[in-house]
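Biologist: I would like to go through this structure with you. Could you begin with the terms you rely on?

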Amino acid sequence: MSWKEAAEPVLTRMPVVTRPTGHIPFKRKLAWTAGVLFVYFFLTNITLFGLESTGSDIFGQFRSILAGEQGSILQVGIGPIVTASIVLQLLGGANLLGLDTSDPRDQVLYQGLQKLLVIVVTAMTAAPMVFAGGFLPANPAIGNALGIGLFGIQMVIFAQVFIGGVLILFMDEIVSKWGVGSGVGLFIIAAVSQQLVGGFFSWSGLGTPGFFASWFGIITGSVELGPTFTSEWFQSLLFSPGELLALVTTALIFAVVVYAESVRVEIPLSHARVKGARGRFPVKLIYASVLPMILVRALQANIQFFGQIINSQTTMPTWLGVYADGQPVSGFFYYFAPIQSRQDWMWFLGFTNAEPWMIFTRVAIDLTFMVVGGAIFAIFWVETTGMGPEATARQIQNSGMQIPGFRRNPQVVEKVMERYIPQVTVIGGALVGLLAVLANMLGTIGNVTGEGLLLTVSITYKLYEEIAEEQLMEMHPMMRQMFGRE
Amino acid sequence: MSSGQNSGGLMSSAGLVRYFDAEDRNAIAINPKTVMAFCVLFGVFIQLLSLTIA
C-alpha cells in the first residue's frame, strides 16, 4: 500500500474554504481582497494575551518578507506556509511524492498534504517561540491570577499563535479563491509597503525619522551634516541621515524589476486550423517570478531560527556560534546569516567590528546561497507549477496552436521549449539572487531588504496584470472563454 | 486544461499555496464569511481578554 492510500482518509478531510459557484464580478473580488487585507492589519495590531513584554523577534530581519507582527496574533506570519512550501517543492521537484497534479484525485491529496504540512509547521514554529527563550515571554502573574500557572499561560499563548497561523492559511485561501492574486502575495506587499511608507514618511515622534523628515531637518538646519564637502559631509549625505544611497538603491530595484518583467524570449505560434491566427508564447527573464527567492531566504531564516533556539537554551561551541546581543558575531551561524544591511559589512566606515576576511566569507556564502539557491528553486518552481517545457508544450498543443516550421506534436514543441525555458529560468533565478544581495548591501529605504522590495514590486506587477485581465473579461464576457475560465 | 485556477492563459503563475478545482466531497467546507467573522471575533475576544484580565 503506498502512502497515498494510507493518508487519503486524513488528507481528503482537510477543511477547505468553499469555492464560488459562478462568476464573481470584479468589484466583489476587490471587496474580498480589501476585506482580507483589513482583517490582516486588524489582527497584526492585536497583542497576544498573557505576554509579559513583546520580547525579541525571532525572525529578526526576515520579518519584512515573512509578514505578521512580533507579539501579535499573527506572530508566525507566512513563515509556516513558506517552510511547508519548501518541503513540498523539494519533494515534488525531486518527484518523490508520486502525485500527478493533472489527476483530480491527486490534486485533492496534494491540497490536503499542503494544508496538513502548513498546520504541522505552524505548531513546530509556534512551540519554540513560546516555550524557549525570551521570544514570547509569558506573564506568570496572569497565570497565577487565573490559577493555571506559568505553563498554563504558555499553552494559552501557544494556542493563540497557532490559531493565528491557521487563520493566515485560510485568509490566503479566501483571497486565492474569491479575490485577486494570492493571500501570501498580499501579506508580503502589505508588510513591505508598510515599512516602505514608514521609511519615507515617519517622523521623530513615531520613532526614527523617515527620509522626508530627515531631509526637512537637513534643509532647515536642525540636522547637522558636518562641515560642507568633507568626507564626513558626504558620508552623512549618502548614509545616515541623508540616506541618498538607500533612495537610489530602492529606485534602482524598482526600475530593474519592472524592466526585467518585460524582458522575454517570444516563441512565435500559429493556429493549426485558422490561417492567420498568430500568437506568441513569452518566456520571461524572471520567468519563475521572484517567489522562489523567498524559499531560499526562508531556508536561511530557518537556519538562523535554529541558532536562536540553541543559543537561548544552552551555550554552544564557538565554532557553531558566538552571540552578542542576540546576534551571531562569529561561528557557523554568523557565516550563514545573510547580509541584511550596511551595518553588517561596511567595516571601513566603522559600522562593524568584524574582521574583513570574516565579512568577505559571509558575503561569499550569502551570494552563493542566493545565486545557486535561487537558480535551483526556480527550476523546482517551474517544474511543480506547470511552467516547465513538458507542461507548456501540452498547453500549446491543447490550445490548438503550433510553432510555425515545426511538426504539430507535443514532443517537438517540448524540444523547442527545452532550448529556452531551463536556461532562462536559471539565468533569471541567479539574477534575482544577485539583485537581492546587492540591494541588501547598499541598503534600502525603511530597511525593507532587497528581496522584500523585489517581491513587492514583482507581485504588484503581477497583480496589475491580473487586474487588467479581469477588467478585460469584465468588459467582454466572451474573453472569459478565451482565458479558459467559465 | 484542468489545472484549476492557475490555468489562466498560457502562462501560469501560482501563489505559494496551490488550489485546484478538484475537491473531495468528504472535505469540511467552510464559508469564507465564516472565516472572516471568526478572524474579527477572535481578535476582539483576545483584545477584551487583555483589557479585562491583564
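Modeller: Contact means that heavy atoms lie within 4.5 Å. This is a predicted model, in which local features need pLDDT of at least 70 and side-chain atom pairs count only at pLDDT 80 or more, while totals for chains, interfaces and linings use all residues. Residues are numbered from 1 along each chain as its sequence is written, chains are lettered from A and ligands numbered from 1 in the order in which they are written, and side-chain values use heavy atoms, with hydrogens and water left out.

Biologist: Which residues is T83(A) in contact with, leaving aside neighbours within four places in sequence?

Modeller: T83(A) is in contact with V121(A) and N302(A). The side chains of T83(A) and N302(A) also make a polar contact at 3.4 Å. A polar contact is a pair of N or O atoms within 3.5 Å; within protein, one must be able to donate a hydrogen and the other to accept it, and residues adjacent in sequence count only if both atoms are side-chain atoms.

Biologist: Where is the place of T83(A), and is T83(A) buried or exposed?

Modeller: T83(A) is in helix α4, residues 79–93 of chain A. Helices (H or I, at least four residues) and strands (E, at least two) are DSSP runs, numbered from the N terminus. T83(A) has a relative accessible area of 18%, so it is buried. Buried means under 20% relative accessible area, exposed over 50%, and partly exposed in between, with a 1.4 Å probe and protein chains only.

Biologist: What about T249(A), and what does T249(A) touch?

Modeller: T249(A) is in helix α11, residues 244–262 of chain A. T249(A) is buried because its relative accessible area is 5%. Not counting residues up to four places away in sequence, T249(A) touches A439(A), L442(A), G443(A) and T444(A).

Biologist: On to charges. How many salt bridges does the structure hold over all chains?

Modeller: The structure holds 13 salt bridges over all chains. A salt bridge is a side-chain nitrogen of Lys or Arg within 4 Å of a carboxyl oxygen of Asp or Glu. One of them joins E173(A) to K115(A), with the closest N and O atoms 2.5 Å apart. This pair links distant parts of the chain, 58 residues apart: E173(A) is in helix α7 (residues 149–178) and K115(A) in helix α5 (residues 104–131) of chain A.

Biologist: Why do E173(A) and K115(A) count as buried?

Modeller: E173(A) is buried because its relative accessible area is 0%, and K115(A) because its value is 5%. K115(A), E173(A) and K177(A) are linked in a network of salt bridges.

Biologist: Which residue forms a salt bridge with K284(A)?

Modeller: E465(A) does, with the closest N and O atoms 3.4 Å apart. E465(A) lies in helix α17 (residues 450–475) and K284(A) in strand β3 (residues 278–284) of chain A, so the pair ties together parts that are 181 residues apart in sequence. E465(A) counts as partly exposed at 29% relative accessibility, whereas K284(A) is buried at 8%.

Biologist: Changing topic, how many residues of chain B are in contact with chain A?

Modeller: In chain B, 44 residues are in contact with 67 residues of chain A. There are eight residue pairs in polar contact between the two chains, both residues at pLDDT 80 or more, and zero salt bridges.
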